[in-house]
Amino acid sequence: MIYFDHAATTALRKEAIEAMEGVFSLYGNPSSAHEAGMKAREALEDCRDTMATLLGCDYDEVIFTSCGTEADVTAIRSVLATGKNRILTTPFEHHAVLRACEELERDGVRTDFLPVHKGGYVSPADCDGLLDGRTGLVSVMRVNNELGTLQPVREIAVLARQAGALMHTDAVQAVGLIPLSFRELGVDFLSLSAHKFGGPKGVGALICKRGTVAYPLLVGGGQERQRRAGTESLLLVAGMTAALKVSVENGEREREIKTRLRDRLQNGLIALGAVPLCKDSERTPGHLSAMFPGKDAAALLHALDLRGICVSAGSACASGSGAPSHALTALGLTDEQALSCLRFSLGADNTEEETDELLAALREIL
Ligand code: PLP
């Protein structure tokens, strides 16, 4: 099998597997006061410390969650603790953010959207008139999951602060993939998900600035300093921490490999008549979306799948729905154009041979 869908999910890194094997025997509940509990607690807090160092935040700012979605929804719902009733976000956020905003309409919270520019990014200049003292929360993703384009989170966070609003960034497609520091971004909330950088599925984190009130999605026990009820999974957290450590340590080398492969793939796609999206914008090296004018992306995806090659049409959650991707229509593509786009997302273990095989298969199918 040839896998070019790393933005949907990645294989477990061997270091993550080893870290999980290392804590299998620590079965105590981290909240228990006895020796078994304390051993688990110690291991959990070691992970929190390591995560904090890697992410440029303090250890007590790390809240372990069940996934990126939970982190996003918790951050968005935190607008309820601000006493304000407006959110400013973008129309090409992940559905975790968009649906959470929709749900809040029932609580009287209104959502405004920044326009998306043709290059696949939003602009701080457009905050004028949309961001003011009534805004409780601004949410802008660091990297768009379909286009790979980087968003000016740091600049918008400055404007949010000036307006007295909280700032959240969904960094699920950024953490472990591009250099990132919570403190330098200047945000109040940051979401991440382990399975995007070689960690296990079903675990993530919300980084919540000290002193900022997170509105817990799960209530019950007092875990995670009263900010997320439910017994922590040391197993998954250990896997996530190890994966993040290797991702950060190997980041530069892995980005170089991906850039080389991405450029090779992009040139090959252009030669086949495909149109890469947001080619000249600041992008991660791992994401490449391209339009195949007049073609049906779902059909291309299935034809590639039959040849053992995995890619995506729209994001993983949207594909299969038959609907055009909201991120692509937000970019200004027509439904027909959006339905002719494939996303290729690369991992550092992809090879030139695989890239050439993918291109050869596409040539044949087209
Ligand atoms: N945010 C973005 C940008 C994503 O790409 C994803 C997953 O595709 C999520 C949030 C959701 O993360 P999880 O799958 O851990 O719930």
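How far does a polar side-chain atom of Q173 lie from an oxygen atom of the ligand? The distance is 2.8 Å. The model is predicted, so local features need pLDDT of at least 70 and side-chain atom pairs count only at pLDDT 80 or more, while totals for chains, interfaces and linings use all residues. Residues are numbered from 1 along each chain as its sequence is written, and side-chain values use heavy atoms, leaving out hydrogens and water.

Stay with the ligand. S193 places a side-chain N or O atom 2.6 Å from a ligand oxygen. For H195, a polar side-chain atom is 3.0 Å from an oxygen atom of the ligand. On its own the ligand has 390 Å² of accessible area, and the protein covers 88% of that. Such areas come from the Shrake-Rupley method with a 1.4 Å probe.

Now take the shell around the ligand. It holds 13 residues, the closest being T69, D170, Q173, S193 and K196. A residue belongs here if one of its heavy atoms lies within 4 Å of the molecule. By class, 3 are nonpolar, 7 polar and 3 charged. Nonpolar means Ala, Val, Leu, Ile, Met, Phe, Trp, Tyr, Cys and Pro; charged means Asp, Glu, Lys and Arg; the others, Gly among them, are polar. Helix α3 (residues 68–77) gives the largest share of the shell, with 3 residues. Helices are DSSP runs of H or I with at least four residues, strands are runs of E with at least two, and both are numbered from the N terminus.

Q226 is not a glycine, yet its phi is positive, about 70°. Q226 sits in helix α7 (residues 223–226). Q226 counts as exposed because its relative accessibility is 61%; the exposed class starts over 50%, buried means under 20%, and partly exposed lies in between, with a 1.4 Å probe and protein chains only. C278 also is not a glycine and has a positive phi, about 55°. The place of C278 is the loop between β9 (275–276) and β10 (287–291). Buried or exposed, where does C278 fall? C278 is buried, since its relative accessible area is 11%.

Finally, turn to L306. This residue is found in helix α10 (residues 297–306). With a relative accessible area of 78%, L306 is exposed. L306 and L55 are 251 residues apart in sequence, and their C-alpha atoms are 40 Å apart in space.

Definitions and conventions. Polar contact = N/O pair within 3.5 Å; in protein donor to acceptor, adjacent residues only side chain to side chain.
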